[in-house]
Amino acid sequence: MEYKYPNLCKPITLGRTTFRNRMFSAPMGGTDITTDGCIGPKSTAFYELRAKGGAAAVTVSELMVHPSTDGSHAYHLDESILNSLACATYTADAIRRHGAIPSIELSHSGMYSGTYMTDKNKQHGMTQWGPSACIRPDGVQVGELTVEMIDDIVAAYAHVAGLVKRAGFELLMVHGGHGWLINQFLSPMFNKRTDEYGGSLENRCRFAIRVLKAIREAIGPFFPIEFRLSGAEFVEEGYDLEEGIRIAQQIEPYIDLLHVTAGTYQRTFGITHPSMFTDHGRNVYLAAEIKKHVKVPVATIGGLNDPAQMEEIIASGKADVVYMARALLADPFLPNKIMANQDEDIVRCLRCFTCMAERAATSTRRCTVNPLIGRECEGSEVAPAPVKKNVLVVGGGPGGLYAAWTAARRGHKVVLCEKENELGGILKSEQALPFKYEMYQLAGTYAKFCRDTGVEIRLNTPVDRAYVDEMAPDAVIVAAGSSPLVPPIPGLDGDNVVIVNNYYKEKDKVGDDAVVFGGGLAGCECAIHLGQEGKKVHLVEMRDMLAPDANVRHRPLLLKEIDKYVTVHTGYKGLRVTEEGIVCEDKEGKEVLVPGKSVICALGQRSRTDVVEALNGSAPFVRVIGDAARVSTITNAVYWGYHAALDI
């Protein structure tokens with residue numbers, strides 16, 4: 001067949017191993033890691049789904065090679081641990097049987113041991129070791145590794161590499177980026193040694209080269225080795241791209257693939273993992289420049305999810321391989337869809353950080369747009385219903401659309417009613433914010449899935465009890481969403497006020513001086529957008545903190561954008577809206593005018609309980625999902641919609 005994206009679909013050979021395309025699944029940590037570091041069954045299924053979806057390589061992350069100096073709660077591989085080798089073998093097999101090459105990332109946290117532990121007290125109580133003695137910014141003392149300890153760690157890399165090969169993995173990634181131990185040796189920010197491992201570039205590369213040589217001796221000449229390198233660290237004390245090139249040249253003789261990433265995890269999270277506020281592929285230029293100076297194939301990574309962009313990267317010679325992580329959570333079947341010329345069916349990653357926030361907070365995995373994530377053991381196929389039923393879905397937001405699509409895939413006859421003239425629910429408002437446009441597109445993707453599976457969509461169709469009684473469905477899924485909260489504050493109904501949900505329809509009403517009323521997630525993101533457009537923006541929030549409803553990964557990046565573009569007034573209670581702005585009461589009880597000719601009301605949402613109450617008991621099966629049940633997140637709306645449809 002003729003591929004729409006021929007360069008992405010072209011095989012590549014590393015060592016003597018051939019990979020079926022140029023789309024690789026980046027390292028992503030597991031969630032059911034046992035107390036002694038074994039790969040649990042949920043994690044095995046997690047990695048297998050990426051293989052089933054068509055990725056050429058699937059990388060298991062992270063395997064810590066030396067527990068005595070790195071007791072991080074991550075994977076370990078040790079013959080003395082019961083089932084350790086068996087779990088790794090089952091995982092490699094689960095990946096390989098779908099035609100993907102199983103890969104595993106060897107790592108050592110160095111002075112950041114225990115980063116992934118949810119019990120931070122335990123993490124801070126661990127003995128920490130790094131290239132040089134120091135006190136970490138969080139007050140933890142770090143000891144300097146002795147030469148004897150370095151020798152022991154090098155030997156551990158080699159020993160574990162041999163076990164990896166025995167387990168059936170066919171590609172080995174050595175993590176030399178993101179502020180972990182090998183990067184700590186490479187970086188002048190961390191490495192202050194005066195012996196043969198510090199000072200000059202050659203000395204700082206010595207540890208990495210010793211590790212790579214030892215691994216090669218353990219696994220033989222043709223087993224491909226990949227090295228993950230931060231092309232630049234993006235902090236003043238670290239190294240820049242120019243030095244990153246020189247490091248790459250030092251490493252090159254010992255590897256088969258150079259994986260160019262970016263940043264240092266503890267300082268540049270939003271660069272290492274590009275947020276919605278940055279361009280897709282913002283780190284590709286690092287790989288492109290380094291590729292000019294090395295002969296080995298080069299891989300790139302960083303917020304990639306658009307096949308046209310990835311095709312151009314390969315076609316133009318910026319890189320030989322593209323890696324994806326979050327994009328393959330949102331749509332594990334993205335590579336298969338590209339290989340089948342079905343890229344219009346790709347569910348795009350929103351870069352909302354739900355996946356990483358959940359792992360940090362609860363050691364689980366979730367994805368806003370994909371309810372399979374974290375539940376892969378339940379299977380990726382939707383089973384046909386034993387009895388086909390008539391299903392009515394009330395509301396065409398993300399939860400309603402996903403529920404309708406799932407029910408239709410089970411063989412039910414599904415009608416979806418939306419009271420407005422366009423699908424999408426609250427996602428419609430995101431079309432006005434360029435950095436959230438993919439959320440608006442999500443509704444279109446889900447709607448396409450519904451139409452492709454035969455869902456009957458009725459727009460401009462409000463649903464009441466009489467409508468349901470006349471239709472007499474077997475099941476009703478109420479996804480009626482929420483409505484804006486507009487309290488009875490004087491002037492809030494004025495001509496200079498725009499409800500944040502309606503901003504996309506009334507952009508022209510907002511002038512160059514605006515004040516956003518409400519500092520939750522929606523208000524903050526709208527304020528950032530207005531600031532990016534060059535408007536003078538004030539933000540009023542009654543509480544002492546902004547965006548408490550943002551997740552723990554997104555919120556710090558959001559607040560950085562707020563600092564760039566917005567004048568913030570916390571602890572201000574709005575009293576009345578005038579043509580000049582919002583009159584507020586400050587913490588001392590004084591009235592203060594926060595100026596702004598235009599006012600954006602972003603004071604929250606309330607569930608459409610009127611619809612819920614009207615439809616309760618209207619069919620043998622009634623399920624309320626999303627904001628109609630509780631004002632929450634897209635994540636919950638999609639999850640609840642999916643499982644409601646499975647329960648019919």
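These legends describe close-up views of a predicted model. Residues are numbered from 1 along each chain as its sequence is written, and side-chain values use heavy atoms, with hydrogens and water left out. In this predicted model, local features need pLDDT of at least 70, side-chain atom pairs count only at pLDDT 80 or more, and totals for chains, interfaces and linings use all residues.

**View 1. Strand 9 is mostly covered.** Strand 9 spans residues 171–176, and six of its six residues are buried (under 20% relative accessible area, 1.4 Å probe, protein chains only). Strands are DSSP runs of E, at least two residues, and helices are runs of H or I, at least four residues, numbered from the N terminus. Leu171, Met173 and His175 lie on one side of strand 9. Leu172, Val174 and Gly176 lie on the other.

**View 2. Strand 9 pairs with strand 5 and with strand 10.** Two strands pair if DSSP finds at least two bridges between them. Strand 5 (residues 101–107) and strand 9 pair in the parallel sense over four bridges. Here glutamate 105 stands opposite methionine 173. Strand 10 (residues 225–230) is also parallel to strand 9, over five bridges. Leucine 172 has isoleucine 225 as its bridge partner there.

View 3. Angles run from 0 to 180 degrees between N-to-C directions, and axes are lines fitted to C-alpha atoms, for helices over the stretch in contact. Strand 17 (residues 475–478) is joined to strand 28 by four bridges. Valine 476 stands opposite valine 622.

**View 4. Helix 14 meets helix 20.** The axes of helix 14 (residues 398–409) and helix 20 (residues 634–647) come within 7 Å and cross at roughly 25°. That makes the two helices roughly parallel (angles under 35 degrees). Among the contact residues are Tyr402 and Ala403 of helix 14 and Gly641 and Tyr642 of helix 20.

Key
Buried < 20%, exposed > 50% of the residue type's maximum accessible area, 1.4 Å probe, protein only. Parallel < 35°, antiparallel > 145°, perpendicular 65-115°, else oblique. Contact = heavy atoms within 4.5 Å.
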